[in-house]
Amino acid sequence: MTAPAFAQVTPQAAEFAFDFDSFSARMQEIAAADFVPPSRDLPAAFADLDYDAYRRIQYSTDASKWLDDNLGYRLQAFHMGWLFPEPVQVYEIQGGTARSIGFSAKDFDYHDDAVEAAAAEVTDFPGVAGFRINAPMNSTAMYDEVVSFLGASYFRALGRNNNYGLSARGLVMNTWLEGPEEFPRFSEFYVEKPTAIGNPLTIYAALEGPSVAGAYRFILTPAGEAHQETTLEVTARLYFRGDVTELGIAPLTSMYLFAEANRTGFDDYRPQVHDSNGLLIQNEAGEVTWRALNNAATLGTSYFWENNPRAFGLYQRGRDFEAYQDAGAHYERRPSLRIEPIGNWGQGHVRLVEIPSRLEGDDNIAAFWIPEEKVTAGSSRELSYRMVWGDLNPDSASPIAHVAETRSGVGGVSGVEAVENFKKFVIDFAGGKLASMTDETQLEVVAEAAGGTITSSVLSRVDANGVWRLVLDVETGDSSNVELKAYVMGLGRKLTETWLYQWRP
């Protein structure tokens with residue numbers, strides 16, 4: 001098959017040979033041409049949908065693709081309209097041949113007579129906004145949503161018994177820098193029809209934007225009885241039309257409103273509200289850094305240099321209902337997401353962005369990898385990584401204690417008037433070899449405050465729950481940012497993760 005023939009595919013009718021290399025070659029050719037923005041010319045029946053009308057539209061279970069094939073997967077689509085005016089084309093691959101999957105108004109339950117009647121009058125169905133894959137993840141008797149692709153290059157997945165929380169994106173470009181951010185989108189998807197129960201599912205996606213075109217491959221292994229986590233193995237082949245100021249690979253998007261470190265100013269009955277509460281980075285040597293998240297009054301951005309990182313991700317630590325007291329949102333069930341590079345990524349930075357927010361509906365946290373080498377017009381990149389979605393609870397067999405909680409409050413001695421720019425930070429370390437040590441063990445606290453001064457440091461064991469509690473009193477002068485760092489040493493080695501926090505007074 002030649003790339004030009006592939007480029008002549010007609011949606012809803014075409015049948016053509018497909019493989020990843022030819023697909024990549026086509027995207028490279030697209031990158032060499034001028035960018036053509038997608039059409040937003042929707043029929044009035046879809047263009048006029050508001051939030052309430054759109055959320056009532058559900059894909060009909062009886063219209064699920066592969067419904068009667070007993071292959072362990074079912075495919076359903078998302079309707080166009082409201083925030084999703086750009087069409088996405090979806091194809092099925094079987095035996096190396098791709099065929100367009102046709103959708104129509106009959107595939108959807110509108111739950112609104114007027115909207116359903118208007119949709120029925122649309123003779124040329126414009127496409128869909130995205131799709132989801134269902135599988136028997138939580139029970140062998142039920143097909144639950146495992147992964148969905150909807151909006152620009154956004155997608156998200158679930159582990160067993162998880163509720164949706166954080167999301168991922170195919171790529172970020174120039175996010176939260178001077179000048180506009182670019183939002184490339186997944187415009188086409190190709191899904192290999194599974195051949196047997198228990199096999200992974202392969203999905204390909206075309207990425208298109210003003211400065212980039214790309215070919216993506218996702219290999220999905222859903223969670224189940226044998227493993228709580230869902231994994232997506234990703235290969236991204238990227239071809240650049242223009243220079244990119246800052247390229248973000250494997251970007252993650254989440255929400256952090258408040259927890260024990262920043263409850264001030266939130267009049268809420270719940271102790272904590274967040275989809276994620278920390279950025280975890282595992283360096284080339286295997287050492288783990290835990291950067292507790294923050295939601296301050298000013299924008300926060302942090303860069304963490306690494307060479308060939310083993311992993312990074314946004315985590316939700318704390319799986320007890322009591323930590324959140326939200327019987328509706330169930331934040332204790334929100335998944336963590338770990339990115340594991342496949343191969344060596346070289347030098348670069350993990351960037352963390354923390355956007356001020358007062359609403360839990362806002363995604364105000366982003367994290368992604370920035371390669372050291374600058375991206376220029378005409379260049380290309382190929383990267384592979386594994387995404388692990390699930391609880392990702394700390395390893396009980398690890399010799400290293402993990403950061404269980406970060407708290408803060410007024411600095412100094414209780415019972416006296418508070419001093420401005422003086423704060424107390426309380427870090428609880430749990431597990432590892434530290435858990436079996438007593439107060440007689442010789443332990444050393446390593447603590448730093450760039451931009452501030454640590455005036456006192458106390459480490460002690462809490463007999464009530466067995467954690468080791470580090471209490472730091474920190475004073476800042478005129479600095480707008482104080483970068484805090486702490487860990488515990490003992491028996492000639494490091495006993496805890498490295499705790500990081502950015503205090504923006």
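The structure holds 1 cavity of 30 Å³ or more, a cavity being a set of points on a 1 Å grid over the protein atoms alone where a 1.4 Å probe fits but cannot get out. This is a predicted model, in which local features need pLDDT of at least 70, side-chain atom pairs count only at pLDDT 80 or more, and totals for chains, interfaces and linings use all residues. Residues are numbered from 1 along each chain as its sequence is written, and side-chain values use heavy atoms, with hydrogens and water left out.

**The cavity**

- The largest cavity contains about 110 Å³ of space, where the volume is the space filled by probe spheres set on the grid points, joined across faces, edges and corners.
- Its lining (residues with an atom within 4 Å of a point) comprises 15 residues, of which Asn277, Trp290, Ala292, Glu405 and Thr406 are the closest to the centre.
- Strands β20 (288-292) and β27 (402-410) each supply at least two lining residues; strands are DSSP runs (E, at least two residues) numbered from the N terminus.
- The largest share of the lining, 4 residues, comes from β27.
- By type, the lining divides into 8 nonpolar, 4 polar and 3 charged residues; Ala, Val, Leu, Ile, Met, Phe, Trp, Tyr, Cys and Pro count as nonpolar, Asp, Glu, Lys and Arg as charged, and the others, Gly among them, as polar.

**Strands β3 and β7**

- β3 (74-78) and β7 (residues 130-139) run antiparallel and are joined by 5 bridges; strands pair if DSSP finds at least two bridges between them.
- Within this pair, Leu75 stands opposite Ile133 in β7.
- In β3, 4 of the 5 residues are buried, that is, under 20% relative accessible area with a 1.4 Å probe and protein chains only.
- Arg132 lies in β7 and counts as buried because its relative accessibility is 11%.
- Leaving aside neighbours within four places in sequence, Arg132 is in contact (heavy atoms within 4.5 Å) with residues including Arg74, Leu75, Gln76 and Glu145.
- Thr61, in the loop between β2 (58-59) and β3, is in contact with Leu67 and Gln76, again leaving aside neighbours within four places in sequence.

Note on methods
On a 1 Å grid over the protein atoms alone, a cavity is a set of points where a 1.4 Å probe fits but cannot get out, and a pocket is an open set with protein on both sides within 12 Å along at least five of seven lines; lining residues have an atom within 4 Å of a point. Buried means under 20% relative accessible area, exposed over 50%, partly exposed in between (1.4 Å probe, protein chains only).
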